Every structure is written in C-alpha cells, then in structure tokens.
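Have the viewer open as you read.

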Amino acid sequence: MSSKKLIVGNWKMNPATLDEAKTISKKTRSISQKLSNLEVVVCPPFVYVDSVIPKKPTKGFSIGSQDVSFEDNGAHTGEVGAGMLSNLGISHVLVGHSEKRKAGDTDSVVSKKLLKVVEHGMNAILCVGEEKRDDGGIHYDVVREQIKNSLLGIPNKYAKNIIIAYEPVWAIGAQEPMDPKEICEMAIFVRKVFSDIFNQDTAMKAKVLYGGAVNFRNAAEIINISQVDGLLVGRESVNMPGFKELLKAVDTI
Ligand code: PGA
C-alpha cells in the first residue's frame with residue numbers, strides 16, 4: 001500500500017456551465033496543491049476537460065476521464081478515444097462505473113476499455129460492486145467475477161496502472177455509506193482477487209478505493225477504519241465547501 005491517499009472526484013453530468021466547472025476545478029486544484037498526503041483527480045464531463053486541465057503538471061492534482069471508447073478512432077459517433085485523452089494530459093480513466101454498466105457496459109466491454117487506457121500510459125480505475133447484499137455472501141462472488149472478467153487478458157506489465165474502486169451500487173447516491181468495517185473486509189478480498197490474477201507483490205502495491213455516499217463528515221472515518229487507499233467521490237466532489245473539507249480531513253490522517 002502506498003502512503004498518499006488517492007481521492008477521485010467523479011463529477012458525473014455536472015455542473016451545468018463551463019464557468020462553474022472552471023471554478024470548481026480551480027478551487028480543487030488550489031487546495032490540493034497545499035496538501036501533502038493526497039493525490040487528487042477530478043473527472044469532469046468531456047466538454048469541460050480541455051478548459052480545466054492544468055497547462056503544466058501540478059503537484060497532487062490532475063484531471064481524469066469518466067469514460068473512454070475501446071475503439072482507436074474512426075466511425076464511432078459520440079465516442080472519445082484513449083489516445084485523444086492521453087494527448088490532452090488525462091491521468092486516470094474510470095472504467096466500469098455502475099452507471100455505465102447500467103447503460104450497457106458488460107465486463108467484456110469494460111475489459112477492452114481498460115486495456116486501451118493502460119496501453120496509452122494512463123491509469124485505469126476499475127469500478128466494481130454488487131447491486132445488493134444478502135446473508136449468503138453473494139456480493140463476494142459478484143465482485144470476484146467482475147474483477148476477473150474485466151482483467152482477463154490484461155498483461156502483467158500493466159497491473160501497476162490499475163486501481164480498483166469498490167462501489168456497492170446500493171450505496172451510490174444513498175444517504176449513508178457502507179459500514180467501514182465491511183468496506184475493510186471487501187478491500188482485503190479485492191486485494192486477494194487481484195493477487196490471484198497478477199501476483200502478491202503487485203496486489204500489495206495496488207490502490208483499492210471505496211465509493212458510495214462519501215462526504216466531508218464520513219470520509220476520514222471510512223479511511224481510518226477500512227484502511228482503503230482512497231475514495232471515489234460523486235456528489236460531494238462538485239459541492240465545493242464540502243469537498244474542500246473532505247480533502248483537508250483526509251490529508252490529516
Ligand atoms: P456518490 O457517488 O458519492 O454521489 O454516492 C459515487 C459514485 O458514483 O462514484
């Protein structure tokens with residue numbers, strides 16, 4: 001496990017205007033630069049990326065993408081290729097977010113997207129998580145299959161560029177996050193699956209994030225108890241006073 005926590009803000013389809021996007025990004029960048037224990041990545045909608053991306057590398061802050069095509073270029077209306085993103089300076093790309101899976105991304109599609117991301121030298125944030133839980137522990141099977149299928153055929157040399165974000169679907173957009181003790185159990189399990197696919201050394205170095213109803217009030221406690229390497233934050237990442245507080249709280253851990 002590496003010591004710097006990774007905080008990823010997934011803006012989803014927000015905010016409504018470019019001016020707001022620039023303001024949120026500027027404030028996030030400014031606070032991120034002042035903090036020493038964090039790496040902050042914000043993922044705006046594609047239309048804002050070029051306007052908010054730092055013109056020169058900025059310590060502790062970079063721009064990510066919410067999605068990518070698995071095609072390289074050509075007749076693919078509405079798609080954005082990994083080469084285009086890496087040329088712009090994108091550092092991380094989310095793949096397999098549950099909202100994209102709901103819109104049709106299967107594990108096989110996720111796997112093809114992930115390969116493009118790492119082949120272009122960016123980091124892939126593979127999102128996995130069960131729809132619901134039951135006493136039978138089916139959620140472990142769901143998460144194992146998603147990780148295995150999504151990493152099928154990904155060469156070992158790219159393992160260091162893969163981050164796993166565990167996001168139970170039922171906690172996304174919810175009022176409360178998952179119990180941090182249960183997050184801890186799942187994070188250990190995720191690392192074990194990663195180790196079975198690649199190797200133990202890589203798995204110990206890999207970052208495992210948690211996402212789902214994270215806010216400035218619960219972020220530090222989630223990390224403290226669950227021992228995850230960072231957080232994937234939706235709503236709170238576009239709520240500027242809240243996100244600033246979240247970053248400051250996590251930086252002091
Ligand atoms: P949320 O979303 O923080 O608004 O629950 C998390 C996510 O979808 O990544």
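## A pair in helix α8

Does Lys205 count as buried or exposed? At 56% relative accessibility, Lys205 counts as exposed, because the cut-off for that class is over 50%. Please keep in mind that this is a predicted model.

Lys205 has a salt-bridge partner, Asp201, with the closest N and O atoms 3.1 Å apart. Both residues sit in helix α8 (residues 200-205), and since they are 4 residues apart there, about one helical turn separates them. Asp201 is partly exposed, with a relative accessible area of 47%.

Now turn to another group of charged residues. In one, the side chains of Lys113 and Asp67 meet at 2.8 Å, N to O. In the other, Lys113 pairs with Asp105, and the closest N and O atoms are again 2.8 Å apart.

What does the bridge between Lys113 and Asp67 tie together? Lys113 lies in helix α5 (residues 107-119), while Asp67 belongs to the loop between β3 (61-65) and α3 (82-88), so the pair links parts that are 46 residues apart in sequence.

How accessible are these residues? Lys113 and Asp67 are both buried. For Lys113 the relative accessibility is 5%. Asp105 has a relative accessible area of 13%, which means that Asp105 is buried too, as the cut-off is under 20%. Over the whole model, the count comes to 13 salt bridges.

## How α6 packs against α7

Two packed helices are described by the angle between their axes and the distance between the axes. For helix α6 (residues 138-150) and helix α7 (residues 180-197), the angle is about 40° and the axes are 10 Å apart. The crossing of α6 and α7 is right-handed.

Which residues make the contact? On the α6 side they are His139, Tyr140, Val143, Arg144, Ile147 and Lys148. Helix α7 brings Glu185, Met186, Phe189, Val190, Val193 and Ile197. Sorted by class, the contact of α6 with α7 holds 8 nonpolar, 1 polar and 3 charged residues.

Definitions and conventions
Residues numbered from 1 in each chain as written. Predicted model: local features only at pLDDT ≥ 70, side-chain atom pairs only at ≥ 80, totals over all residues. Heavy atoms only, no water. Axes fitted to C-alpha atoms, helices over the stretch in contact; angles between N-to-C directions. Helix = DSSP H or I, 4+ residues; strand = E, 2+ residues; numbered from the N terminus. Left-handed = near helix turned anticlockwise from the far one by under 90°. Contact = heavy atoms within 4.5 Å. Nonpolar A, V, L, I, M, F, W, Y, C, P; charged D, E, K, R; others polar. Salt bridge = Lys/Arg side-chain N within 4 Å of Asp/Glu carboxyl O. Buried < 20%, exposed > 50% of the residue type's maximum accessible area, 1.4 Å probe, protein only.
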